[in-house]
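Visitor: I would like to learn how to read salt bridges in a model. Please take me through some cases.

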Amino acid sequence: RDYKVTGVQTCALPICGIYNGGLFNAENVKKNPAVMKKAIETVQNYMDNYDYIEFLSEPVIGNIIYGPGITFDTVMTAMDKAIENPDDFVWNFYAVYFMNTQHRPSARDFEYDYYYPEETIVKICEQLESIFDREYGDTASDESILELKKMIIRTYMFTLKTDKCADYCIETLKKYDDSSIKHDTAYALYTAKRYEECMNLATEGDYTLEYYAALSALELGKTGESVELFMPAAQRIKDKDAAVYADEMVYSYITALADAGIDEPEEFGSDDILGLYYKAYTNVYKETSEEALEEAISLADRILGKYDNLAYIYYIKGIAYFEQDKYEEAVQAYEKAVEYNPADAMFWFALGDAYSRLDNSEAAYNAYSMSDMLSPWYDYYSDYEGVGVHMYTYKEHELINIQLSHEADNGEGE
């Protein structure tokens with residue numbers, strides 16, 4: 001049967017008897033501890049059994065679903081085996097695959113810093129591709145090869161080997177014309193500060209490539225060219241169907257402009273949505289006076305009166321209220337932000353902060369937990385750029401979250 005968890009997630013008790021739950025399923029464990037103990041032992045037997053891992057490797061590599069469910073201890077076991085067996089496809093494949101299924105390590109793993117050196121992770125990726133090419137290269141389908149390459153790209157991104165990743169992507173694109181790899185290439189080139197190469201990738205109509213090219217042009221001091229590259233993507237914010245993605249791009253681009261000390265571009269138009277957006281942003285982040293915060297709220301309301309599905313505008317509005325110590329209003333604004341873009345960890349983190357100021361420990365804990373869950377360790381697009389919430393960059397937050405979990409658990413401290 002399914003158990004509803006805080007109205008957000010569903011955890012299952014599958015027919016195989018393997019229990020998958022969390023803090024809010026503690027009562028279910030207490031009701032039948034013997035069955036749960038047996039399920040845990042069964043899982044441990046699977047984890048220790050090479051035949052089971054070998055069985056899992058039989059399906060085609062294509063259509064891998066990345067998600068939670070593999071424990072960090074399992075990742076460690078697979079990586080140990082890959083290092084011990086550099087010519088074994090199964091262990092090398094699962095070392096990389098398991099690593100890509102991790103949402104985040106547990107608090108215990110975080111506390112004791114059990115992570116492998118980046119060089120070791122890269123070495124396993126290289127071993128895996130070498131074995132694959134040698135044993136399956138002549139018979140594997142293009143789908144399988146491409147999926148394997150995408151998994152390796154994600155791993156290079158996680159280790160922040162952006163130069164290596166960019167080169168790897170460029171080589172891959174020589175054979176496979178894949179849009180997602182093009183986007184990964186643009187991101188890797190941009191973060192590796194290879195701006196000219198990134199600009200050369202720009203393709204009219206591909207807004208992601210134009211976005212990274214615009215950021216690259218900004219870094220090269222080519223402000224006019226940057227704005228010209230960005231405007232097609234920016235205008236999509238007025239399209240209801242494309243607004244969620246365009247809104248995130250506009251927010252990030254305005255952040256880059258403001259951080260570089262660049263005034264509002266004329267192309268934005270002072271009374272157009274982009275001009276209002278820029279002013280609201282700078283009022284909250286740069287000016288921060290009481291008058292500026294009030295104006296930011298007013299500007300946000302003007303935008304939302306015409307385009308009511310822009311999550312980052314609600315977020316800016318929430319920040320303004322938060323800075324005014326109006327935490328109930330901040331909660332309302334942040335709740336709207338997560339309604340229109342529930343996948344952004346930054347919104348959930350802000351919502352947790354607002355609930356904390358209202359002494360609502362359980363709501364704060366739930367929001368912080370969502371923030372953590374939405375910040376997997378492989379989510380390089382946001383976490384490592386300081387936009388999202390990641391354990392590596394918010395270490396103190398993890399301790400706060402643990403304390404809130406104790407309070408949410410009726411003070412039992414378990």
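Guide: Start with accessibility: buried means under 20% relative accessible area, exposed over 50%, and partly exposed in between (1.4 Å probe, protein chains only). This is a predicted model, in which local features need pLDDT of at least 70, side-chain atom pairs count only at pLDDT 80 or more, and totals for chains, interfaces and linings use all residues. Residues are numbered from 1 along each chain as its sequence is written, and side-chain values use heavy atoms, with hydrogens and water left out.

Visitor: What is a salt bridge?

Guide: Side chains of opposite charge can pair when their charged atoms come close. The rule here asks for a side-chain nitrogen of Lys or Arg within 4 Å of a carboxyl oxygen of Asp or Glu. By that rule there are 17 salt bridges.

Visitor: Is R194 buried or exposed?

Guide: R194 is buried, at 16% relative accessibility. Its salt-bridge partner E197 has its closest O atom 2.8 Å from the N atom of R194. E197 is partly exposed at 34%. Both belong to a network of salt bridges that also links D163 and D167.

Visitor: Which parts of the chain does the pair of K164 and E126 link?

Guide: The closest N and O atoms of K164 and E126 are 2.9 Å apart. This pair links helix α9 (residues 162–173), which holds K164, to helix α7 (residues 118–136), which holds E126, and the two residues are 38 residues apart. Helices are DSSP runs (H or I, at least four residues), numbered from the N terminus. K164 is partly exposed at 32%, and E126 is partly exposed at 40%.
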